[in-house]
Amino acid sequence: MENSVLAGDLRFEPAESFTRLIEKESSQPVSRCYQCKKCSAGCPVAPMADLHTNEVIRLVQLGDTERLLGSNRLWLCLSCKTCQARCPNGIDTSAVIDVLKGMVLKSGKAPAETRIPEFYKSFMDSVQRTGRLYELGMIGLYKLRTKTYMEDMGLGVEMLKRGKLKFLPERVKNLGQVREIFRKGREKK
Amino acid sequence: MKVGYYPGCSLHSTAADYGLSTEAVCRSLNIQLAEIPDWNCCGATPAHSTSEYLAKALPLRNLILAEGAGEDLVVPCTGCYNVCRQTHGFISRGSSKALEVNREVATIVGRKYQGKLKIMHLLDFFSQDEVLQELKSRVVKPLTGLKVVPYYGCLLLRPSDDVAFDDPEQPQKLDRLLDALGAEVRPWSYKMDCCGGSFAIPRADIVGELTVELVKQARKAGADFMVTACPLCQANIDTRQPDRGMPILYFTELIAAAFGLKGQEKWLEKHIIDPRPLLKSSNLI
């Protein structure tokens, strides 16, 4: 991806090069798709997303980066892999979508859905700090970033009372190793 | 019997009920769970959605630590299991990317992952013939009359090449286990449908729509309970039902009930939708 100009340049460029790039980065045989639409038929977020699963693959084939990277479907993908299980051509669209999400994040443009990427970021920040997920800290970060302070307050209290949310984080002892993995991850971007 | 054990973050917090019941059932079966020393979070969906490198490197550290401690690794959390198995598959296929990640993580952790671990989901572990026979022989309170639907969810069996230990469209192992405990397993078509997974916090509206449909279908199938092996499925069904009418239990909690284990309150009291009235009315607790 490092040599790609596409992340910063969101024009419609009908070119085979984009398909090849996505095939390489996702290890998915995108050009095999013949639009049978079994993926879309089984997709749990089909009613909420602005593109169907089969349309994502078609737009990759066409090189329409503008529509792809501006689509909320990238973020609404649950990675349930129903599309992967049913594709007669062995394409895992959620793996393709992971690559496209990476391109959006790298481009610095605002994702078409705000809450989900903020949640992912808060989750990963929490793991970086302690090596294990500290739910309460992660929720705090997420709420600050999205200004959704009051949402699910009642539920949060119920979970705390039942010991399903912990007040204190668990820490990995050899936290240096986890931090070093994160540092390498930042280098790769 | 001693096996390597990776509880993951959930079993220490949001799925503490799953963790406690798993430990109790294994103790009663003389299965010693040896926790991976100093394990870290597997990264789950947020890692693979934001960083290809972290999605592989975080679980790889755990696999290296587990491989240093034993041959088997049992994983109860379906999300962790999925990530561990996908990472194991990725490294085993030996692509240039895989070799590079393995080499780099080795410089941090001290050794490479050799790919020799046998990674099993707890449900798969309990479904082995000899373990299932043992389970059956230990039932003192058969779950007779209890109508359940087995809810497998997404990550247990998909993507099938790397993770499936059962048919990915028509799985049977949870059905068989519940049957062995004496429950009445109801057929339904939503075993493998998604609950909304990690959207629980950012898009509770979507999780709400998906869980309402699942609960409606479970009810149509005549179920008193839904039964799962996944902390995310459990949390979403348990917390996102408007009428809070359908309890969802971990399969380990039903094993504990069928074994008549002491101390079941410890985990049953943690549910948002209390399963105890129904279990009591069936004289199971």
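Keep in mind that the model is predicted: local features need pLDDT of at least 70, side-chain atom pairs count only at pLDDT 80 or more, and totals for chains, interfaces and linings use all residues. Residues are numbered from 1 along each chain as its sequence is written, chains are lettered from A and ligands numbered from 1 in the order in which they are written, and side-chain values use heavy atoms, with hydrogens and water left out.

Let's start in chain B, with a sheet. Helices (H or I, at least four residues) and strands (E, at least two) are DSSP runs, numbered from the N terminus, and two strands pair if DSSP finds at least two bridges between them. In general, strands of a sheet pair through backbone hydrogen bonds, either parallel or antiparallel. Here you have four strands in an open sheet of chain B, in the order S2-S1-S3-S4 and with parallel pairing. On the edges sit S2 (32-35) and S4 (118-121) of chain B, each pairing on one side only. Neighbouring strands of this sheet are turned by 40 degrees against each other on average, direction ignored. Zoom in on S1 (residues 2-5) of chain B: four bridges join this strand to S2(B), and the two run parallel. Gly4(B), for instance, stands opposite Ala34(B) in S2(B).

Asn30(B), in the loop between helix H1 (16-28) and S2 of chain B, has a positive phi of about 60 degrees although it is not a glycine.

Now for the helices. Contact means heavy atoms within 4.5 Å, while axes are lines fitted to C-alpha atoms (for helices over the stretch in contact), with angles from 0 to 180 degrees between N-to-C directions. Helix H4 (residues 78-93) of chain B lies across S3 (72-75) and S4 of chain B, at about 155 degrees to S4(B). How do the axes of H3 (residues 52-67) and H4 of chain B cross? They come within 9 Å and cross at roughly 95 degrees. That makes H3(B) roughly perpendicular to H4(B), a label for angles of 65 to 115 degrees (under 35 is roughly parallel, over 145 roughly antiparallel, and the rest oblique). Among the residues that meet are Leu60(B) and Leu63(B) from H3(B), and Val83(B) and Phe90(B) from H4(B).

Step back and chain B divides into domain 1 (2-122) and domain 2 (140-281), with bounds from an automatic or database domain assignment. Their C-alpha centres lie 24 Å apart. The contact takes 26 residues from domain 1 of chain B and 24 residues from domain 2 of chain B. Buried area is the accessible area (1.4 Å probe) that two parts lose on being put together, summed over both; for these two domains of chain B that is about 2,100 Å², 68% of it on carbon and sulfur atoms. Asp17(B), Tyr18(B) and Thr78(B) supply 26% of the area that domain 1 of chain B buries against domain 2 of chain B, more than any other three residues.

Chain A also has a domain 1 (16-107) and a domain 2 (115-188), with 28 Å between their C-alpha centres.

Finally, how much area do chain A and chain B bury between them? About 5,100 Å², 61% of it on carbon and sulfur atoms. In chain A, Arg162(A), Lys164(A) and Ile181(A) lose the most area to chain B, together 14% of what that side buries.
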